[in-house]
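Here are my notes on the model. Please read them with the structure open.

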Amino acid sequence: FVQNVAVAPSHRRRGIASQLVVEVERQAVSSWGVDESWLVAAEDDAGLRRLYQNLGYEVRCGSLGQVVMRKHLRPDGQLTPALTAGHPSPPKESQGSLGSAAGPEAIIDQLSAATVCGDAYGGTRGAYGGVTALLTEMATQGMYVGVGCLGICFLVQPLGGTRLSELVPSGDAPVAAVCEAALGFGLAGAELFRLGSWPWTPNRMGPITSGQAVQLAPLWRIAGGEARASAALAAIGAWQLSIAIAEETYYRGLVLSGSRSAVLGLGGVGLPVAPPLAAMVALLLSSAVFGAVHLEFASAAEPGDAAGGRAATDSSATDDSAARWFGVTAAYGAAYGALFVATGLHLLAPVCLHAGINTGLCMGRWQQLREMDAECARALFVEAEA
């Protein structure tokens, strides 16, 4: 894969990007015996596509605002084993996320066979797909839940803050639990309707940006090739519920309630703070932390990046900009936090709101994946995970 080719602004328009690509192609062929080179680019970036077409790359497919381009690196165009006898192996860091030394096409084939890509995606339900991928993701979220619970028990509770047992409605109040869950799911439905994502409509979801591809890669592994909506909904719902429990336990149960207790504790040093003000400060802080953490999905591309699509600073790529990611996720964090405070520092309602919104959005993306060209989907998510 050609990925993240960049030229300093002061040295652009001198053919340097073309020279860089030609040089890495030469090394790939001479040192490793590579047969093909692949890349993914934004469909509406005419300049980027022209650059690669001039270098011999051809568009293989296009979907959701992205195009996959390929170039044969051997004159005869015949495919041979990516690493022929006598060629040294590539350095470990170049072997891809599956640890394969067989080059981009083999990595694509291995990842396809290892995911739930079914017949529509040319793969099978391998060790990394379907239930195994779901359980792996849920186990990871379970670890985060444990970290959050430990923080609440050993950092928040000793300071007089909320106890872990107080974060959920008591067992003798089932009506309250049902009402809080209904409130959370009801608000989730309203938000999905506002976004135009209910009922699930793939053509309203918009293109998958590079940052979203990183975030959606687990969705592709878990349910990308599942043809049944009911099975996809069950898997996606379980996955998103585990994420919601983990993030709400940490950001609301630990960060928000802990910050609130710390602000209220200022009264002990002669700086009394009213509980509503303490809750507001804690809400803003936890929302900012929630937004900042999600900046990892923002585009890291710089102006002039090749093979990375449009740059984060491009006004037409605001969906992947750091400001966009922070603003949207911090706003949702504030909504979850406000519901947490409004329900008496209970996690049930925000968990249901969080899981409901993300499950609905992921179902829309799942339908997009079902309609997406198989080769384009594999290339998009393999590059994202790389």
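1. Both Tyr 52 and Tyr 57 are buried (buried is under 20% relative accessible area, exposed over 50%, partly exposed in between; 1.4 Å probe, protein chains only). Their ring centres are 5.3 Å apart with the planes at 85°, so this pair is edge-to-face. Rings of Phe, Tyr and Trp (its six-membered ring) pair if their centres lie within 6.5 Å; planes under 30 degrees apart are stacked, over 60 edge-to-face, the rest tilted.

2. Basis: this is a predicted model, where local features need pLDDT of at least 70, side-chain atom pairs count only at pLDDT 80 or more, and totals for chains, interfaces and linings use all residues. Numbering runs from 1 along each chain as its sequence is written, and side-chain values use heavy atoms, leaving out hydrogens and water.

3. Tyr 251 and Phe 290 also pair edge-to-face, at 5.1 Å between centres and 80° between planes. Tyr 251 is in helix H7 (residues 229-264) and Phe 290 in helix H8, 39 residues apart. Helices are DSSP runs (H or I, at least four residues), numbered from the N terminus. Tyr 251 is buried at 9%, and Phe 290 at 3%.

4. Ring pairs join Tyr 250, Tyr 251, Phe 290, Tyr 332 and Tyr 336 into a cluster.

5. Which disulfides does a search of the whole structure find? It finds 0 (a disulfide is a pair of cysteine sulfur atoms within 2.5 Å). The sulfur of Cys 153 is 6.5 Å from the closest cysteine sulfur, in Cys 149, too far for a bond. Cys 153 is partly exposed at 31% relative accessibility.

Notes
Helices (H or I, at least four residues) and strands (E, at least two) are DSSP runs, numbered from the N terminus.
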